[in-house]
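Notebook open, model loaded. I want to go through the cores, the sheets and the helix packing, and jot down what I look up.

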Amino acid sequence: HIEIPEECFRALHKRPYERTEADTQTIFEFTLRFECFSQLPQSVHQQLCHFMYYDSLDENKIVYNTGDVSQAFWIIINGTVRIRMREDHNEPLLTRATITSGQTFGESSLAKDIPRTQTAETATPCEFLKIMKIDYDGIKSAHEKDLDQKRDILLQVEVFKNWTKKEVTNLAYVMSLKSYSPNKLILKQGDAPTGVFFIKSGKCKLVKEIDVGKLDKERKMEIRMKMELNDPAHSPPKTTTNRIQSASTSPKREGAMAKTEASSRREVTTRPSTSSLKASRPSTSANFSSSKLSPSPSFSTRSPPKPKKNIKLLHIGTLGPGHFFGELGIVNGSKEDPISVLSEGHVEVFVLYKVNFQKLIVGKTLELMKKHVATFPTDQEVLTKYYEQKEWENYKKRLIKEILEDKRSASSLVNNWMTSRS
């Protein structure tokens with residue numbers, strides 16, 4: 001026998017418009033025990049909880065008769081219900097099934113929108129959760145629209161383009177919608193991977209905390225020499241021809257990379273380009289104030305101090321609708337996410353949690369994921385591009401300074417000549 005908590009019992013006796021979020025959550029937590037809800041997306045389960053209410057009948061009572069209009073369906077809390085039907089009109093009712101605690105009945109005719117083809121009768125005193133057809137239809141319609149949106153986004157991703165509609169639907173069915181206000185942390189570098197995020201609307205910024213002091217001196221010198229030996233026309237250094245794949249590793253992400261704060265030039269790539277990186281100190285970002293991203297070097301009186309780290313937060317790309325992120329740590333089997341992701345404005349994402357990703361992303365699709373993930377920029381690539389940009393900015397400053405000095409010298413010569421002539 002299942003005891004209904006008093007708080008839940010009160011919530012179930014309220015009308016839907018009278019219920020608070022806390023009431024719906026109370027009902028949701030109570031119904032988690034029933035197997036019939038385990039295959040539903042959490043959002044659908046919660047919507048059903050908002051509209052369901054308590055009902056009860058004594059033993060040997062008719063719940064509905066054959067031929068009745070389908071107006072509701074039931075989940076049994078306690079008790080047993082007999083499902084009965086006739087072979088033809090002249091024969092007595094025969095019991096075809098027995099339904100008990102945690103099971104549902106009445107939904108088949110409801111979904112098909114046809115009169116009842118069976119009779120339901122209580123075999124014992126029963127307690128139910130009852131959901132009316134009008135509420136069921138509204139939730140079903142919203143859910144089907146939601147599934148269509150998820151399918152549309154998934155089919156934009158290269159690795160899912162050869163999937164059947166049924167396969168894509170099964171994947172969409174377990175995805176959850178989440179919303180983020182502007183400048184919110186969605187993924188944090190160093191945290192355990194939780195799932196893959198498919199962007200429905202808005203833009204997300206990919207950033208990486210990295211010790212920029214790790215680049216060796218010889219490589220830095222090579223970059224400086226490259227600046228000095230650059231074209232006389234002072235054109236910027238060419239970016240690598242081996243374009244870097246997007247953080248979500250989807251070829252569809254071409255053109256998703258926004259122009260960085262350091263440049264007004266838009267660069268189209270198929271992964272976050274490291275050719276233009278904006279650096280900032282992690283401590284200046286409010287999004288990371290809740291947890292320190294910069295590890296504090298520990299010093300010992302018995303050993304030499306460790307080299308001081310030069311930690312910077314580099315902006316390595318921006319993603320928009322139809323793109324995804326969060327798969328790097330999962331596919332690589334890492335215990336930590338290698339990047340952080342923040343919302344640039346209001347963002348909506350569909351989340352495929354790790355446990356479902358590992359169940360459904362297998363075989364050839366997983367191999368494609370691995371190939372795409374392997375093209376994500378390494379720390380060394382990020383560092384190299386950061387220093388190339390840094391040296392290029394220094395080179396431009398020196399060039400402008402030289403030009404201004406030449407102009408001042410020329411102006412001085414002209415003034416001296418004019419003075420001598422007068």
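I started with the largest nonpolar core: it has 46 residues, and Phe160, Phe198 and Phe325 touch the most other members. By a nonpolar core I mean a set of buried Ala, Val, Leu, Ile, Met, Phe, Trp, Tyr and Cys residues joined through side-chain atoms within 4.5 Å. Strand 17 gives this core its largest share, 5 residues. There is also a second, separate core of 23 residues, with Ile2, Ala11, Leu12 and Tyr136 among them. For burial I use relative accessible area: buried is under 20%, exposed is over 50%, and partly exposed is in between (1.4 Å probe, protein chains only). In soluble globular proteins, nonpolar side chains tend to be buried together.

Housekeeping: this is a predicted model, with local features needing pLDDT of at least 70 and side-chain atom pairs counting only at pLDDT 80 or more, while totals for chains, interfaces and linings use all residues. Residues are numbered from 1 along each chain as its sequence is written, and side-chain values use heavy atoms, with hydrogens and water left out.

I looked up the strand order next and got 9-17-11-15, an open sheet of 4 strands with antiparallel pairing. Helices (H or I, at least four residues) and strands (E, at least two) are DSSP runs, numbered from the N terminus, and two strands pair if DSSP finds at least two bridges between them. Strand 9 (176-180) and strand 15 (324-325) are the edge strands, each pairing on one side only. Strand 9 runs antiparallel to strand 17 (residues 347-353), and 5 bridges join them.

I then picked Ser176, which is found in strand 9. Is Ser176 buried or exposed? Ser176 has a relative accessible area of 19%, so I log it as buried. Its bridge partner in strand 17 is Val351. Leaving aside neighbours within four places in sequence, Ser176 is in contact (heavy atoms within 4.5 Å) with Lys150, Val349, Phe350, Val351 and Tyr353.

**Sheet with strand 8**

Another open sheet of 4 strands has the order 1-8-3-6, again with antiparallel pairing. Here the edge strands are strand 1 (53-57) and strand 6 (104-105), and each pairs on one side only. Strand 3 (residues 72-78) and strand 8 (residues 126-132) run antiparallel and are joined by 6 bridges. I found Ala72 opposite Met132 of strand 8. Helix 5 packs on this sheet, touching strand 3 and strand 8, and its direction makes about 55 degrees with that of strand 8. Axes are lines fitted to C-alpha atoms, for helices over the stretch in contact, and angles run from 0 to 180 degrees between N-to-C directions.

Tyr53 sits in strand 1. At 29% relative accessibility, Tyr53 counts as partly exposed.

What else does helix 5 lie across? Helix 5 (residues 133-154) lies across strand 9, strand 11 (195-201) and strand 17, at about 105 degrees to strand 11. I also looked at helix 6 (residues 165-173): its axis and that of helix 5 come within 9 Å and cross at roughly 115 degrees. That makes the two helices roughly perpendicular. On the helix 5 side the contact is made by His143, Leu147, Lys150, Arg151 and Leu154; residues of helix 6 in it include Val168, Leu171 and Tyr173.

**Helix 2**

In helix 2 (residues 21-31) I noted Asp23, Thr24, Thr26, Ile27, Phe28, Phe30 and Thr31 as buried. Their cover includes helix 1 (6-12), helix 3 (42-51), strand 3 and strand 8. The axes of helix 2 and helix 3 come within 9 Å and cross at roughly 115 degrees, so this pair is roughly perpendicular too. Thr24, Gln25, Ile27, Phe28 and Thr31 of helix 2 meet Gln42, His45, Gln46, Cys49 and His50 of helix 3.

Key:
Parallel < 35°, antiparallel > 145°, perpendicular 65-115°, else oblique.
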